[in-house]
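Let's walk through this model together, one region at a time. Have the sequence and the 3D view open, and follow along as we go.

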Amino acid sequence: MTRSVDWLQLACFVALLALITKPMGLYLCRVLDAKGKTWLDVIFKPLERLTYWVMGVDPEKEQDWKLYTFAMLLFSLVGCLFTYAILRLQKYLPLNPQGLDNLAPHLAFNTAASFTTNTNWQSYSGESTMSYLSQMLALVIHNFTSAATGIALAAALVRGIARHSAKTLGNFWVDLVRITYYLLLPICVVFAVVLISQGMIQNFKPYTTAKLTESYTIQVAKTDAKGQPVTTNVAVMVQAPKLDEKGKPVMTNGVAVMADVPKLDEKGQPVMTNMPVMVDQKVEEQSIPQGPMASQVAIKMLGTNGGGYANANAAHPFENPTPLSNFLQMLSIFAIGSGLTYYLGRQTKNQGHGWSVWASMMVLFLAGCLLCWWAEARGNPIHQHLGVAAADGNMEGKEVRFGIFNSALFATITTDASCGAVNSMHDSFTPLGGFVPLFNIQLGEIIIGGVGAGLYGMLVFVVLAVFIAGLMVGRTPEYLGKKIQAYDVKMSMLSLLVLAVSILGFSAWACVSKWGLDGLNNSGPHGLSEILYAYSSCNGNNGSAFAGLNANTPWYDATLGIACFVGRFLMIVPIMGLAGSLGAKKISPPSAGTFPVSGATFVVLLLGTVLLVGALNFLPALTLGPIIEHFQALQGKLY
Amino acid sequence: MKELLVQLRGAVMSTLVLAVVCCGLYPLVVFGLGQALFAGKANGSLIVDSKGVVRGSRLLGQPFSSDKYFHPRPSAAGNGYDPTSSGGSNLGPTSKKLADSIAQNAADYRSQNGLDTNAPVPADAVTASGSGLDPHISVANAEVQAPRVAKARGLALEAVRALIAQHTDKPDLGFLGDSGVNVLVLNLDLDGVK
């Protein structure tokens, strides 16, 4: 059931996004110009100069595509090692009031890889794993720098498209510093304070203990004076068909009735085992986590990082206290990526092109959002058969304050972009509702996309679309006056193929391995979806999850960490090669045969290219996961 | 080689400088502003009773099971409403475990609130939230529970319903999000804790 007030929210979101796109784009033009002036120069210009001086960087000197890429790779490597070291040593470092232990090597590797690549896949639970220092330093540094890196790379590609006969694409260090100081930091300070006003925490206190109004009892393992678990020797039970007095199996409706019987060894003796003794424990207190959350959440959203402070991420009432904080968080995920399309139009002196790219993204966004919303509002027929009110939709894994619509909208946005924050548990979505975020990621997160990453990902599709259009009319394809040649198409295809090969390859490996199947929380087609989602999320640098998957095992941590690197850097290098090649080309004046890269024809062609590539790569796998599960859910099949 | 060292210095020094600015100065500035402007919220929206005892946070749910209190949603956070292990059940749409638990929750909910054995139940009453800490239940869910609470406390139904209305968080700006009844605040109010 879709309510009119929800349509109003959707309209309001799209309208506000459209409104901020131009101002954001104009501001980006200033930030991404080494000599650009902004009204924040008063505060940040001295700091910017000081930073260059400490780094030993000459801001006037531009880099060619190879040096630009090399600087970016080196910076990512240093940051990754920095984070790995802190996580492995957090017990010995300050700001750890809960006394949390060092991370295991595989978890520290996975986390460092994931945060360096703007993925923010989390194999850990923040509240019980990360000290305040690890959260603030080891993780937040990447929330800023991986976002700035993405935007810098997009700017370099746009420069390659806009310039002609150029050897250089800008200076990576200048882009990195300027984006962080003039774009990310100022917005984050304001945004974080607004989030606090909604109820988000920001402090350095140890966890608060609250007295429960009504205590309750739980069963815990009994321990002796030395802290060792107390065990008791009991018989191992197995299931066997129940027999009647005559020794015949008892049947009901043609099926044997099963009963628990003691398991016997060869000698007919019962097999015994040690079981922990359970005792009742009264719980009278609630431990309330504290910490510097708002500062981290602001950049987590704005920089499309998505790594939650708490395990429940943006579903946690501290991390997303009100529908207003939810709305602003969704808007901030799209803000910079949307502005970058305007930046593209401005730099290439073809604003129609920028808006056409934006419009293509919006079409895909709305399609995904409507499908996900419809599926979740329609609910789960299995649960409705058990008596769940049909009008309420599928509320498993969702928060009351967000309801169906804001959960579906958030899920669509966070996977359109490479954010990966979640305000509801995608694992518990209906099959088609969960299909949307999964397919969004597999399309390459080019629907607005991660900051920077979305634009350069989409521009690869633009090059392909122009190439296909050129083939159809039998002319040398041109993009904004530049001839698209074999090298450019090869680089574009390479960056797309890396994604598909890595997602499907790793998923297939996990599906046929014991370590892969052991991590599953759900079986049947949904189990495949969990694995597929995990590798799609890491390759796509998204970070959201079908979170039932227990991925904190050496094999999963290692393969998912590698997937993060593959999805980020093996995609970026060919794209930078493309940027270098385009920048060096001459611009020929448009003729009657030039394919226009703005307007409805272009949008349709671009959408066709995106969907064709995505569908060809992933529909076979998706058919075995969410699509088959949809039909099984309709039939009431359970696993 | 010289170029490599130049770039390496850039990488190491930029990491250190940005760590100081983004991970040191920035959270401290936000901390200062937050504590100055919204101290109560920045410290967890804690509810403190007249004796100075912290009773919880108005943003985090707590478990309640006796008849005289409104019951929150089922929770998958630890043993239930454990804020140190927030999260959902993550059980999928065709999970038998999930279907079984919903059937059990629905049966319990019906018997507690005197509903017919096949009566539809509000979805939020039988499903776990995403965080396991959802402070809210739907208004429909609260309305179903109201007669039970009124009876257990010997209060007039109208008085309990008035309290529900009082502790219903309405959509922000009139249209964002869904209405929800804050269970902890409502229950504390029933107990006379302000």
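This is a predicted model: local features need pLDDT of at least 70, side-chain atom pairs count only at pLDDT 80 or more; totals for chains, interfaces and linings use all residues.

**A guided walk through the two chains**

Is A:T51 buried or exposed? Its relative accessibility is 1%, and buried means under 20%, so A:T51 counts as buried. If you look beyond the residues up to four places away in sequence, A:T51 touches A:V177, A:Y181 and B:V17. With one of these, A:Y181, the contact is polar: the two side chains are joined at 2.9 Å.

On the chain A side, A:T213, A:E214 and A:V400 supply 9% of the area that chain A buries against chain B, more than any other three residues.

Now for the polar side of this meeting. Across the two chains, 47 residue pairs are in polar contact, counting pairs with both residues at pLDDT 80 or more. As for salt bridges, the count between chain A and chain B is one. Look for it at A:R3 and B:D178, whose side chains meet with an N to O distance of 2.9 Å.

Side chains of opposite charge can pair when their charged atoms come close. Over all chains, the whole structure holds 18 salt bridges. One of them pairs A:E62 with A:R163, where the closest N and O atoms are 2.9 Å apart. This pair links distant parts of the chain, 101 residues apart: A:E62 is in the loop between α2 and α3 of chain A, and A:R163 is in the loop between α6 and α7 of chain A. Both partners count as partly exposed, A:E62 at 35% relative accessibility and A:R163 at 26%.

In chain B, the side chains of B:D49 and B:R55 form a salt bridge at 3.1 Å, N to O. Here both B:D49 and B:R55 are buried. Chain B also has a salt bridge between B:K96 and B:D100, with the closest N and O atoms 3.0 Å apart. Why are these two separated by about one helical turn? They are four residues apart in helix α3 (residues 96-112) of chain B, and that spacing is about one turn. An α-helix has 3.6 residues a turn, so residues three or four places apart point the same way. B:K96 is partly exposed at 42% relative accessibility, and B:D100 is partly exposed at 40%. Salt bridges can also share partners, and in this way A:R3, A:D6 and B:D178 are joined into one network.

Back in chain A, turn to helix α4 (residues 105-116). Its 12 residues, at 1.5 Å a residue, should span 16 Å, and the end C-alpha atoms are 16 Å apart, which agrees. Nine of the 12 residues of α4(A) are buried, so this helix is largely enclosed by the rest of the structure. Among the buried ones are A:L107, A:N110 and A:F115. What covers them? The cover over the buried residues of α4(A) includes α3 (65-89), α5 (126-129), α6 (132-162) and α18 (554-584) of chain A. After α4(A) comes A:N118, whose phi is positive, near 65°.

At 26% relative accessibility, A:A162 counts as partly exposed. Apart from its neighbours within four places in sequence, A:A162 is in contact with A:Q347, A:T348 and A:I587. A:A162 and A:I587 are 425 residues apart along the chain, and their C-alpha atoms are separated by 9.2 Å.

Technical notes. Residues are numbered from 1 along each chain as its sequence is written. Chains are lettered from A and ligands numbered from 1 in the order in which they are written. Side-chain values use heavy atoms; hydrogens and water are left out. The expected span of a helix is 1.5 Å times one less than its number of residues. Buried means under 20% relative accessible area, exposed over 50%, partly exposed in between (1.4 Å probe, protein chains only). Contact means heavy atoms within 4.5 Å. A polar contact is a pair of N or O atoms within 3.5 Å; within protein, one must be able to donate a hydrogen and the other to accept it, and residues adjacent in sequence count only if both atoms are side-chain atoms. Buried area is the accessible area (1.4 Å probe) that two parts lose on being put together, summed over both. A salt bridge is a side-chain nitrogen of Lys or Arg within 4 Å of a carboxyl oxygen of Asp or Glu.
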